[in-house]
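Okay, everyone, thanks for coming. Let me put the model up and then talk you through it.

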Amino acid sequence: MPTPSPAPPTRAQAATIVREASNDPGWGMFVWLAMTAGARGGELCALRWDDVDLDTGVLTIRSRADRQGRVVLDAQTVTLLRAYLAHCAAQAAILGIERHPGAYVFSPSPDGRTAPGPGTAVERYARTCAGLGWTMHLDQLPHYAATELIAAGVDVRALNWRLKRGLSRIQRRPKA
């Protein structure tokens, strides 16, 4: 059986994927942030609301290697995150549940106490794309984000921490 060779989405495909994912507010926000912030799926699964500064528009991303990066978010993403936070609070209020102080942004539980599994996000992204007729993988989105930012004229040095992490991921061989 041939090894699949997925490619990051085109702009049109990315827009279609985000539209499809937006049928679920949490999943739509996850995919949007993966595409715009260039974070890995596992980093987004570990993201807590404490890592999101909506006043300054800065997202702090922590990696498994205990490295940390900061992403400046555009106004549209901040607006979407505010709306998603309000949605999470409303869902908890409807259920009469208090949100956990260190809530995960993409928690599957209404109180925000539990982190989603990275494997679940990877599988869901693949299913979302497959439903649209494409074979794509979540780990391609950091490259998509970096490519789009460079095409928009962002200085490559400003993307250095993302590019280093993304390129090192491609150069690693998959575990057998």
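So, which residue does Asp 111 form a salt bridge with? It's Arg 113, and the closest N and O atoms are 3.3 Å apart. By salt bridge I mean a side-chain nitrogen of Lys or Arg within 4 Å of a carboxyl oxygen of Asp or Glu. Asp 111 is buried, at 17% relative accessible area, while Arg 113 is exposed at 51%. The cut-offs there: buried is under 20% relative accessible area, exposed is over 50%, and partly exposed is in between, with a 1.4 Å probe and protein chains only.

Quick housekeeping. This is a predicted model, so local features need pLDDT of at least 70 and side-chain atom pairs count only at pLDDT 80 or more, whereas totals for chains, interfaces and linings use all residues. Residues are numbered from 1 along each chain as its sequence is written, and side-chain values use heavy atoms, leaving out hydrogens and water.

Back to the charges. The count comes to four salt bridges, and two of the others are worth a look. Asp 24 pairs with Arg 124, with the closest N and O atoms 3.0 Å apart. That one links distant parts of the chain: Asp 24 is in the loop between H1 and H2, Arg 124 is in helix H5, and they are 100 residues apart. (Helices here are DSSP runs of H or I with at least four residues, strands are runs of E with at least two, and both are numbered from the N terminus.) Both ends are partly exposed, Asp 24 at 29% and Arg 124 at 28%.

Then there's Arg 82 with Asp 55, at 3.8 Å between the closest N and O atoms. This pair also links distant parts of the chain, from helix H4 to the loop between strand S1 (52-53) and S2, 27 residues apart. Arg 82 is partly exposed at 40%, and Asp 55 is exposed at 72%.

Now the inside. The largest nonpolar core has 38 residues, and Leu 33, Met 35, Leu 59, Phe 106 and Tyr 125 touch the most other members. A nonpolar core here is a set of buried Ala, Val, Leu, Ile, Met, Phe, Trp, Tyr and Cys residues joined through side-chain atoms within 4.5 Å. Among the elements that each supply at least two residues are helix H1 (11-21), strand S2 (58-62) and helix H4 (75-95). H2 gives the most, with nine residues.

Have a look at Phe 106. Leaving aside neighbours within four places in sequence, its contacts (heavy atoms within 4.5 Å) include Met 29, Phe 30, Leu 33, Tyr 84 and Pro 116.

Gly 41 is buried at 13%, and beyond four places in sequence it touches Phe 30 and Leu 138.

What about disulfides? Taking a disulfide as a pair of cysteine sulfur atoms within 2.5 Å, the count is zero.

Last stop, back outside: Ile 94, in helix H4, is exposed at 67%. That's me done, so over to you for questions.
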